[in-house]
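Me: I would like to go through this structure feature by feature. Please give the general idea before each case.

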Amino acid sequence: MVHWLQHETGGLLLLCALSIAVLLFLIIKVKLEPFIALVVSGLALALVAGLSVEQIVGTALKSGDSILETGFGGLLGHIAPIVGLGTILGAVLERSGGADVLTRRLLGLVGERFAPLAMGLAGLIFGIPVFFDVGIFVLAPLIYITAKRGGRSLVLYAMPLLAGLSMTHAFLPPHPGPVAAAGLLGVPLGWLIIFGLICGIPAFLVAGVAWGAWIGKRVIVEVPDEFVVGEKKGPEAGEDGGTPAKAQAEPSLGAVLLIIAVPLLLILLATFGTVWWEDAAVLPVLTFLGNPVVALTIAVLLAMYLLGIRRGITGAELRDTATASLRPVGMILLVIGGGAFFGKVVSETGVGEALAGTLSDAGLPTIVLAYLIACGLRIAQGSATVAIVTAGGIVAPLVESGGHSQAGIALIAIAISAGSIIASHVNDGGFWIISRYFNMSVRDTLKTWTVLETILSVVGFAMALLVSAFV
């Protein structure tokens, strides 16, 4: 029985399912803090799956290579400074009134009725050059202020934005997953961009616009006051001690747009510079300035000067605003790290490889097989990029011997990408980012974000399957 659980596909799948069920039970029924529940469930799964203590936690003298530390550190090393800088940038925009100016102009252009669609289009546009998590950290404050002033559920505005960011992250270069799939399957990026848009935009419209509008009226999530740092609480300034808003001129829309655009443009130039100026002397400069941490640091400094110091807000007030905005970040980072650790444990048990091997023997059409393998890998271990890379490696030999056209191979890559985003749940770090950044319980996150990702996946794959009948 023990050997079956630890080494056979059925046993590994059962272990994975049980660990996820225990995790959900601890969070939803026991009301245990998600960070603690993730650590407990991850450690329990690792032990039951037969991983050694040294693999799980290392030794008393060395633990740097352990699953515990690499699981937490691998994601947090990338995400922690971005979360902090994005949070501060949003706080300065709000404290200065910049976010308010931008939101009122946006709503003035599209009207309150179409504000969620405008947020979705922002996610689509910004999501092309910007990684999914960076897009959330930069744009989330605009969602907060729009929902606050509109008096409607945070879900109504967040879902279209998230659909736009997720679609571009999964389907379009220069994001790492699609680029890796193109390399593994030997298809030019041009084909991937064309079919990524053809398949991804309908998926965005169904998941982000149609589903977002429906669920946003049924799951009501309010914006906590601490999410909108700098919002006035009365005729005078709020508790952060700032100058009353009436005493300061409204920031210009041009300055606000410049501050938002700077990190996006820097990241975009660094991304495409590797293709356009591969051997140019300017590439190292672009690479440095376009690193998300560097780009956001520049944006924060610009915001502090243009929206703060130049308009009479003191350095002490800006410091207090930044400090207040960072207070909830600690738990956000712990929960995200816990999710990454849990996903790492699931991956190390071997359940993903066992599932992929079983599916590859089923004799299905290559495009369907590619989608199912990616779905299984995504559900089992949480990472979209890992699902794409692993599924691409499994499917590549089948593609080479299948006589597919370049367009057909590109559609197989899109199918893999679609499978890689299905059913985001508790073993996905992105699930916890959405939960914490948009003030949703685990239950509400499953009802909104998890369903959105599933719709995005199924519609994207359906489009790829449909188009493949004509190429």
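Reply: Start with the elements: helices (H or I, at least four residues) and strands (E, at least two) are DSSP runs, numbered from the N terminus. This is a predicted model, where local features need pLDDT of at least 70, side-chain atom pairs count only at pLDDT 80 or more, and totals for chains, interfaces and linings use all residues. Residues are numbered from 1 along each chain as its sequence is written, and side-chain values use heavy atoms, without hydrogens and water.

Me: Which element gives the largest share of the nonpolar patch?

Reply: Helix 7, with 3 residues. The patch, about 570 Å² of surface, consists of Leu109, Val110, Phe114, Leu117, Leu121 and Ile125. Helix 6 (98-110) and helix 7 (115-127) are the elements that each contribute two or more residues. Phenylalanine 114 sits in the loop between helix 6 and helix 7.

Me: Is phenylalanine 114 buried, partly exposed or exposed?

Reply: Buried means under 20% relative accessible area, exposed over 50%, partly exposed in between (1.4 Å probe, protein chains only). Phenylalanine 114 has 42%, so it is partly exposed.

Me: How many aromatic pairs are found in the whole structure?

Reply: Rings of Phe, Tyr and Trp (its six-membered ring) pair if their centres lie within 6.5 Å; planes under 30 degrees apart count as stacked, over 60 as edge-to-face and the rest as tilted. The search finds 6 pairs. One of them, tryptophan 211 with tryptophan 214, is stacked, at 5.5 Å centre to centre and 25° between the planes. Both residues lie in helix 11 (residues 189-216), 3 residues apart, about one turn of the helix. Tryptophan 211 is buried at 14% relative accessibility, whereas tryptophan 214 is partly exposed at 44%.

Terms used
Patch = residues over 30% accessible without salt bridge, like charges linked within 9 Å, V, L, I, M, F, W, Y side chains within 5 Å. Areas by Shrake-Rupley, 256 points an atom, 1.4 Å probe, with all protein chains shown as cover. Salt bridge = Lys/Arg side-chain N within 4 Å of Asp/Glu carboxyl O.
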